[in-house]
Amino acid sequence: MRSNTIDADIPICSTTLPNHSGHFGKYGGRYVPETLFAALSNLTITYEKIKNDRGFWSELQADFESFIGRPTPIYHAKRWSAMLGGAQIYLKREDLNHTGAHKINNSLGQIHLARKLGKTRIIAETGAGQHGVATATVAARFGLECVIYMGAADVERQHINVERMQILGAKVIPVTSGTQTLKDALNEAMRDWVTNIDNTYYVIGSVAGPHPYPMLVRDFQAVIGRESRQQMLKQHSKLPDVVIACVGGGSNAIGMFTEFIPDESVRLIAVEAGGFGDEIGEHAATLSKGVPGVLHGSKTYILQDQHGQVSETHSISAGLDYPAVGPELSWLKDSGRIETHIVGDIEATKAFFNCSRIEGIIPALESSHALAYAEKLAKTMRSDQKILVNLSGRGDKDMHLVSHHSSEYLSETNS
Ligand SMILES: *Cc1c(COP(=O)(O)O)cnc(C)c1O
């Protein structure tokens, strides 16, 4: 086991990947047009320098503490564990971060980087609006111009988040191309970036995209696992037996897993969205059911139809509704270091209500996928064993999606 000492000011990631060309094994890389290639190379070179700059990390750490409320606690879900009659479940409370999820760890890290690069204009893509809100929040805190690209269909569906971004001073641009959703917003943000590269920094929202983004976003999210590992050792003098996280693009999962990768005794479990069925278009289980391909500049597992077209996806949780996944997770899956499992809409919704009623914590529907798998697994384990679940966000944003299931749930638990 590695030591429990807190390393100076520079958070050293426990992995040496990606390699020089941005690859995690055969995954990752930089599949982009010439015009973007130069911008990405510059960003990589600058970040490699900043990575060893103690001042950068200590300024970021100060903001993690004072602006977003880190470190987030680990909470023992005692009543729930006792009711399941198996392993003890612990929750890493990323829901307690400012703006309500892990996403702001990354927005804050990348905007600190943008400031080092002297950029004055921030752009981002957003799906349901969570990454857009986190980025608009940090841009406001630094007085930077902020433009958020959002699919027109999502603008309709997620109006409250659009208003939040506008209140924070961001300009929200509805994207009307393609399916008018996340992947179209991402393409549009890339286009803006190429045109305005001199003054603009593009804050990508997950560990997807071309090199160096999967590395950057991982490094900023790795604070989750770094804190968790220290907290578990401090509180229990022992590592957890299992660590579980949900996977959309993969940023909260890789953020949680990275520090635990060298700890061979710790099982790492990625939970994907099973939606309402196994057929193409009914789920978003990319690692479990996808095949290697290229999307958004990166080689990774992708969900495709029989013609090789990127397939439609479905999940009750918008944050998991993405047809690709971060390349490092693809590599970790092939290498056997992580296990992957699928949880569907209904199981996730049940876990959502259980966590709310039994523990007094309303979880995001995304996180509820990880919770549902933890419930299942806990029952098969001993009561002296420990499961750590990343509670990636809070569920206030999901009220409208679950309220009509409330009566079903009540009749089930009361019978
Ligand atoms: C966006 C989001 C996710 C999924 O994104 P990852 O990059 O896979 O972490 C998970 N949970 C919450 C609360 C989210 O907002």
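Predicted model: local features only at pLDDT ≥ 70, side-chain atom pairs only at ≥ 80, totals over all residues.
**Helix H7**

Residues are numbered from 1 along each chain as its sequence is written, and side-chain values use heavy atoms, leaving out hydrogens and water.

H7 spans residues 159-167, and Asn161, Val162 and Met165 in it are buried. They lie on the same side of H7 because they cover an arc of only 105° around the axis (the arc of the directions from the helix axis to the C-beta atoms). Helices (H or I, at least four residues) and strands (E, at least two) are DSSP runs numbered from the N terminus. I then checked what the buried residues of H7 pack against: strands S5 (121-126), S6 (145-151) and S7 (171-175), and helices H5 (130-142) and H6 (152-157). Just after H7, glycine 169 has a positive phi of about 95°.

**Lysine 103**

I looked up Lys103, which an unreviewed UniProt entry annotates as "modified residue: N6-(pyridoxal phosphate)lysine"; such annotations may be inferred rather than shown by experiment. Lysine 103 sits in helix H4 (residues 103-116). Beyond its neighbours within four places in sequence, I find lysine 103 in contact (heavy atoms within 4.5 Å) with Gln130, His131, Ala134, Gly205 and Gln221.

**H1 against H9**

I find helix H1 (residues 34-50) packed on helix H9 (residues 213-221) at an angle of about 35°, with axes 10 Å apart. Axes are lines fitted to C-alpha atoms, for helices over the stretch in contact, and angles run from 0 to 180 degrees between N-to-C directions. From H1, Leu40, Leu43, Tyr47 and Glu48 meet Tyr213, Met215, Leu216, Asp219 and Phe220 of H9.

**Backbone**

I noted a cis peptide bond between leucine 17 and proline 18, with omega about 5°; proline 18 is in the segment before strand S1 (23-24). The bond from arginine 70 to proline 71 is also cis, omega near -5°, and proline 71 lies in the loop between helix H2 (54-66) and strand S3 (74-76).

Glutamine 180, not a glycine, has a positive phi of about 60° and is partly exposed, with a relative accessible area of 27%. Serine 237, not a glycine either, has a positive phi of about 55° and counts as exposed at 61% relative accessibility.

How values were computed. Buried < 20%, exposed > 50% of the residue type's maximum accessible area, 1.4 Å probe, protein only.
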